[in-house]
Amino acid sequence: MPTPLRPAAPHTPVSHRLPWVWLGGLVLLTLAWDALGLDLPLMQQIGTPQGFALRADTLLEGVMHDGLRQSALGFYLALWGWALVPDARLPARWRERHPPRRERLTVVLLVATALAAVNLVKYHSLTSCPWDLTLFGGPARYVSHWSFGAVDGGSGRCFPGGHVSSAFALLPLCLPWLAPPAGCRGRDVATGQRWLGGILFMGAVAGATQTVRGAHFPSHTLWTLVLCGGVALTGWGLAQPWLRAVTERT
């Protein structure tokens with residue numbers, strides 16, 4: 001539960017540039033991972049020509065995959081309730097802890113946009129999953145996701161990671177506290193940091209689960225984080241004039 005709002009220093013542009021700096025660093029890290037070709041050697045340490053031993057593991061498939069996906073859906077529906085309730089209907093003690101309705105609506109719409117962006121890229125991707133490769137008992141040959149238009153002989157539609165987007169698409173939830181609209185005071189940065197830490201942790205767990213099962217390369221998880229983070233920051237930036245209108249009135 002978010003903590004009460006506390007007096008904070010006035011807004012400065014630096015606070016809004018910092019998330020972009022972190023995103024830029026993440027892009028460089030992900031590009032370096034791809035350039036070094038680390039995906040395949042890592043998967044060869046996990047899988048064998050007979051496949052991946054943990055592909056159908058009860059804990060990984062039933063709990064960490066199916067269970068996490070269902071939990072994420074329930075949380076997303078709860079976010080819509082949080083976003084749609086008018087400010088005047090919130091209990092007095094909640095009004096001091098939660099951002100205005102416009103910010104809450106923006107957060108939920110950006111979560112939906114991030115999910116849609118990941119699924120749109122997946123739909124057009126020709127990249128198959130690791131467990132589809134001949135190296136691991138499947139019919140497909142390895143082709144980098146940078147080889148646009150190259151068919152690998154598998155089912156495709158495996159890039160980026162759809163399961164991990166259940167967590168990373170929630171990144172906009174951090175922004176009302178970490179990058180509040182200009183002129184907004186009293187946001188507890190620690191609340192945004194806790195949301196960010198929790199989202200990144202759940203995304204890392206979801207990505208690791210799919211990697212050891214043979215469903216996704218590590219780069220799929222990294223690029224999902226880049227895509228969701230880019231959607232969150234771009235959309236939040238575009239929404240600033242609309243969000244500042246509430247701040248100026250109050």
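This is a predicted model: local features need pLDDT of at least 70, side-chain atom pairs count only at pLDDT 80 or more; totals for chains, interfaces and linings use all residues.
How many residues does α8 have, and how far does α8 reach from its first C-alpha to its last? α8 has 25 residues and reaches 36 Å, close to the 36 Å expected at 1.5 Å a residue.

Residues are numbered from 1 along each chain as its sequence is written, and side-chain values use heavy atoms, with hydrogens and water left out.

**View 1. The whole chain has 10 helices and 0 strands.** Along the sequence the pattern reads α-α-α-α-α-α-α-α-α-α. Helices (H or I, at least four residues) and strands (E, at least two) are DSSP runs, numbered from the N terminus. The chain holds 250 residues, and 45% of them count as buried. Buried means under 20% relative accessible area, exposed means over 50%, and partly exposed lies in between (1.4 Å probe, protein chains only). Take the contacts (heavy atoms within 4.5 Å) between residues at least 6 apart in sequence: 80% join residues at least 24 apart. The accessible surface comes to about 12800 Å², and 67% of that belongs to carbon and sulfur atoms. Accessible areas come from the Shrake-Rupley method with a 1.4 Å probe; for residues, only the protein chains shown count as cover.

**View 2. The largest nonpolar core has 39 residues.** A nonpolar core is a set of buried Ala, Val, Leu, Ile, Met, Phe, Trp, Tyr and Cys residues joined through side-chain atoms within 4.5 Å. Cys228 and Trp236 touch the most other members. At least two residues each come from α1 (13-35), α3 (58-84), α5 (101-124), α7 (175-178), α8 (189-213) and α9 (218-238). α9 gives the most, with 9 residues. Leaving out residues up to four places away in sequence, Cys228 touches Ala114, Val118, Phe168, Ala169 and Leu171. A second, separate core has 11 residues, including Leu40, Cys129, Leu133 and Phe136. In soluble globular proteins, nonpolar side chains tend to be buried together.

**View 3. Pro176 sits in helix α7.** Pro176 counts as buried because its relative accessibility is 0%. Which residues does Pro176 touch, not counting residues up to four places away in sequence? They are Pro99, Glu103, Val107, Arg187 and Trp236. Pro176 and Trp236 are 60 residues apart in sequence, yet 9.2 Å apart in space, C-alpha to C-alpha.

**View 4. α8 packs its buried residues against other helices.** The buried residues of α8 are Thr191, Gly192, Ile199, Gly203, Ala206, Gly207, Thr209, Gln210, Thr211 and Arg213. Their partners are α2 (39-46), α3, α6 (165-168), α7 and α9. The expected span of a helix is 1.5 Å times one less than its number of residues. Just after α8, Gly214 takes a positive phi of about 90°.

**View 5. α5 has 24 residues.** α5 reaches 35 Å from its first C-alpha to its last, close to the 34 Å expected at 1.5 Å a residue. Its buried residues include Glu103, Arg104, Lys122, Ala114 and Val118.

**View 6. The loop between α5 and α6 holds Arg157 and Pro160.** A cis peptide bond joins Phe159 and Pro160, with omega about -5°. Phi of Arg157 is near 55°, a positive value in a residue other than glycine. Most residues other than glycine have a negative phi, and most peptide bonds are trans. Arg157 counts as partly exposed, because its relative accessibility is 45%.

**View 7. The second largest pocket is lined by 21 residues.** Arg69, Gly162, His163, Ser165 and Ser166 lie nearest its centre. About 350 Å³ of space lies in this pocket. α3, α5, α6 and α8 each supply at least two lining residues. The largest share, 5 residues, comes from α3. On a 1 Å grid over the protein atoms alone, a pocket is an open set of points with protein on both sides within 12 Å along at least five of seven lines; a cavity is a set where a 1.4 Å probe fits but cannot get out; lining residues have an atom within 4 Å of a point. Grid points are joined across faces, edges and corners, and a volume is the space filled by probe spheres set on the points.

**View 8. The largest cavity is lined by Thr127, Ser128, Leu133, Tyr142, Val143, Asp152 and Phe217.** About 30 Å³ of space lies in this cavity. The count comes to 1 cavity of 30 Å³ or more.
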